[in-house]
Amino acid sequence: MFEHADTQAGIRGTAWAGYNAITEYANHVAPARGATLELKSAARAERVITGTADDVMERAFRLVLTSARQGESSRSP
């Protein structure tokens with residue numbers, strides 16, 4: 001998703017794109033239980049509502065912040 005998803009077009013190659021690729025995958029693409037597409041979609045929605053994927057997304061966000069802060073410190077005089 002990071003390299004090819006249309007949703008990344010405007011931010012491709014950035015840390016923010018990396019975060020968005022992870023959250024998009026966790027919320028919309030990751031395998032979900034269900035015999036039909038409708039049941040799989042419902043399972044994904046439930047993951048979002050219950051916060052099942054929050055740990056992954058929060059870790060990704062912390063990594064983006066760390067990356068941004070390191071980039072700022074390397075530009076400081």
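Q: Where is V64 found, and why is V64 called buried?
A: This is a predicted model. V64 is found in helix α3. Its relative accessibility is 14%. Buried means under 20%, so V64 counts as buried.

Q: What does V64 touch, leaving out residues up to four places away in sequence?
A: V64 touches A15 and Y19. Contact here means heavy atoms within 4.5 Å.

Q: How far apart are V64 and G18 in sequence and in space?
A: V64 and G18 are 46 residues apart in sequence. Their C-alpha atoms are 8.0 Å apart.

Q: Why does A53 count as buried?
A: A53 has 11% relative accessibility. The cut-off for buried is under 20%, so A53 counts as buried. A53 lies in the loop between α2 (37–50) and α3 (54–75).

Q: Which residues does A53 contact, leaving aside neighbours within four places in sequence?
A: A53 is in contact with A26 and R47. A53 and A26 are 27 residues apart in sequence. From C-alpha to C-alpha, A53 and A26 are 6.4 Å apart.

Q: Why is Q8 called buried?
A: Q8 has a relative accessibility of 1%. Buried requires under 20%, so Q8 counts as buried. Q8 is found in the segment before α1.

Q: What does Q8 touch, not counting residues up to four places away in sequence?
A: Q8 touches M1, F2, A17, N20, A21 and E24. Among the buried residues of α1 are A17, A21 and E24.

Q: Which other residues of α1 are buried?
A: Y19, T23, A26 and N27 are also among the buried residues of α1.

Q: Why is V29 called partly exposed?
A: V29 has a relative accessible area of 39%. Partly exposed lies between buried, under 20%, and exposed, over 50%. V29 therefore counts as partly exposed. V29 lies in helix α1 (residues 15–29).

Q: What makes the nonpolar surface patch of about 240 Å²?
A: M1, Y25 and V29 make this patch. Patch residues need over 30% relative accessible area. V29, at 39%, is therefore over that cut-off.

Q: How do you know that the span of α1 agrees with its number of residues?
A: α1 has 15 residues. The expected span is 1.5 Å times one less than the number of residues. For α1 the span should therefore be 21 Å. Its end C-alpha atoms are 20 Å apart, which agrees.

Definitions and conventions: Residues numbered from 1 in each chain as written. Predicted model: local features only at pLDDT ≥ 70, side-chain atom pairs only at ≥ 80, totals over all residues. Heavy atoms only, no water. Patch = residues over 30% accessible without salt bridge, like charges linked within 9 Å, V, L, I, M, F, W, Y side chains within 5 Å. Areas by Shrake-Rupley, 256 points an atom, 1.4 Å probe, with all protein chains shown as cover. Salt bridge = Lys/Arg side-chain N within 4 Å of Asp/Glu carboxyl O. Helix = DSSP H or I, 4+ residues; strand = E, 2+ residues; numbered from the N terminus. Buried < 20%, exposed > 50% of the residue type's maximum accessible area, 1.4 Å probe, protein only.
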